[in-house]
Amino acid sequence: MKLQAAKALTACVFFLLITTASAAEPPVYRYQQANGITAFSDRAPKDRPYQRLRFDCFACSSYSTENWHTTPLFLQQYQQEISRAATEYQLDPALLRAVIHAESAFNPKALSKSGAAGLMQLMPDTATEVGVTNVWHQQQNIQGGASYLSSLLQRYKGDIKLAMAAYNAGPGAVDKHQGIPPYTETQVYVERVLLLWSRYQKAS
């Protein structure tokens, strides 16, 4: 009976978290407690594996409790893929790592509610534009994201801030506002990508 009651309570908590997430868009984490009961929280547990259930751009939420100065870096993942894409599109590999970290936290299965998918969170139209036929193929996704980022840097004459703002909000928004759009999500995204970029440069 206690186990059933615990499961029922867990289900109620999960429902409340999802309801809250819809309004404020914090993440929801699922993990196993020591007693085997599945638990849900709006904070990632520090002492056990967990699964992030809601995924929207990792570095975009103003509700994020992540410390971007100390959040662990992903230094080993996709080395060949990132190096190949960086060479082909003349990009700093550290910048590609920063964008992947900001977009998906290196989760190749990330899918946002708006349809952005994969490591570099490519929108369907963008994926088509850069020739990606399978957004879940990690090499294709990184190549496609690098191609798109390269085109944005060319468009904004190498201005990283504007290119990253366009990567997040779209070139139309950047052109309309003649700079970084006054959207909280985009502003924190640009700030965090630049911080991650600096950290990846120093780490490499």
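A105 is buried, with a relative accessible area of 18%; buried means under 20% relative accessible area, exposed over 50%, and partly exposed in between, with a 1.4 Å probe and protein chains only. Its backbone deserves a look too: phi of A105 is near 55°, a positive value in a residue other than glycine. A105 sits in the loop between α3 and α4 (124-129). Element names follow DSSP runs numbered from the N terminus, with helices being H or I runs of at least four residues and strands being E runs of at least two.

A word on what you are looking at: this is a predicted model, where local features need pLDDT of at least 70, side-chain atom pairs count only at pLDDT 80 or more, and totals for chains, interfaces and linings use all residues. Residues are numbered from 1 along each chain as its sequence is written, and side-chain values use heavy atoms, with hydrogens and water left out.

K157 also has a positive phi in a residue other than glycine, here near 50°. K157 is placed in the loop between α5 and α6 (160-169). Is K157 buried or exposed? At 77% relative accessibility, K157 counts as exposed, whereas A105 is buried.

Now step back to the whole chain. The secondary structure comes to eight helices and three strands, and from the N terminus on the order is α-β-β-β-α-α-α-α-α-α-α. Of the 204 residues, 45% count as buried.

Next, follow one helix pair. Two packed helices are described by the angle between their axes and the distance between the axes. The axes of α3 (residues 93-104) and α5 (residues 138-155) come within 11 Å and cross at roughly 110°. Axes here are lines fitted to C-alpha atoms, for helices over the stretch in contact, and angles run from 0 to 180 degrees between N-to-C directions. Helices α3 and α5 are therefore roughly perpendicular to each other, given that angles of 65 to 115 degrees count as roughly perpendicular, under 35 as roughly parallel, over 145 as roughly antiparallel and the rest as oblique. On the α3 side the contact is made by L95, L96, V99 and I100, and on the α5 side by I142, A146 and L149. These residues divide into seven nonpolar, no polar and no charged, where Ala, Val, Leu, Ile, Met, Phe, Trp, Tyr, Cys and Pro count as nonpolar, Asp, Glu, Lys and Arg as charged, and the others, Gly among them, as polar.

The buried residues are I160, L162, A163, M164, A165, A166, Y167 and N168. What covers them includes α3, α5, α7 (171-177) and α8 (184-203).

Rings of Phe, Tyr and Trp (its six-membered ring) pair if their centres lie within 6.5 Å; planes under 30 degrees apart count as stacked, over 60 as edge-to-face and the rest as tilted. F74 and F106 form a stacked pair, 4.7 Å centre to centre with 20° between the planes. F74 lies in the loop between β3 (50-52) and α2 (79-88) and F106 in the loop between α3 and α4, so the pair ties together parts that are 32 residues apart in sequence. F74 is partly exposed, with a relative accessible area of 22%, while F106, at 7% relative accessibility, counts as buried. Y148 and Y167 form a tilted pair, 5.6 Å centre to centre with 50° between the planes. Y148 lies in helix α5 and Y167 in helix α6, so this pair ties together parts that are 19 residues apart in sequence. Both Y148 and Y167 are buried. Ring pairs also link F74, Y78 and F106 into a cluster.

Finally, turn to the cysteines. How many disulfides are there? The count comes to one disulfide, a disulfide being a pair of cysteine sulfur atoms within 2.5 Å. C57 and C60 form it, with their sulfur atoms 2.0 Å apart. With 70° about the S-S bond, the link of C57 and C60 is right-handed, and both C57 and C60 are buried.

How values were computed:
Contact = heavy atoms within 4.5 Å.
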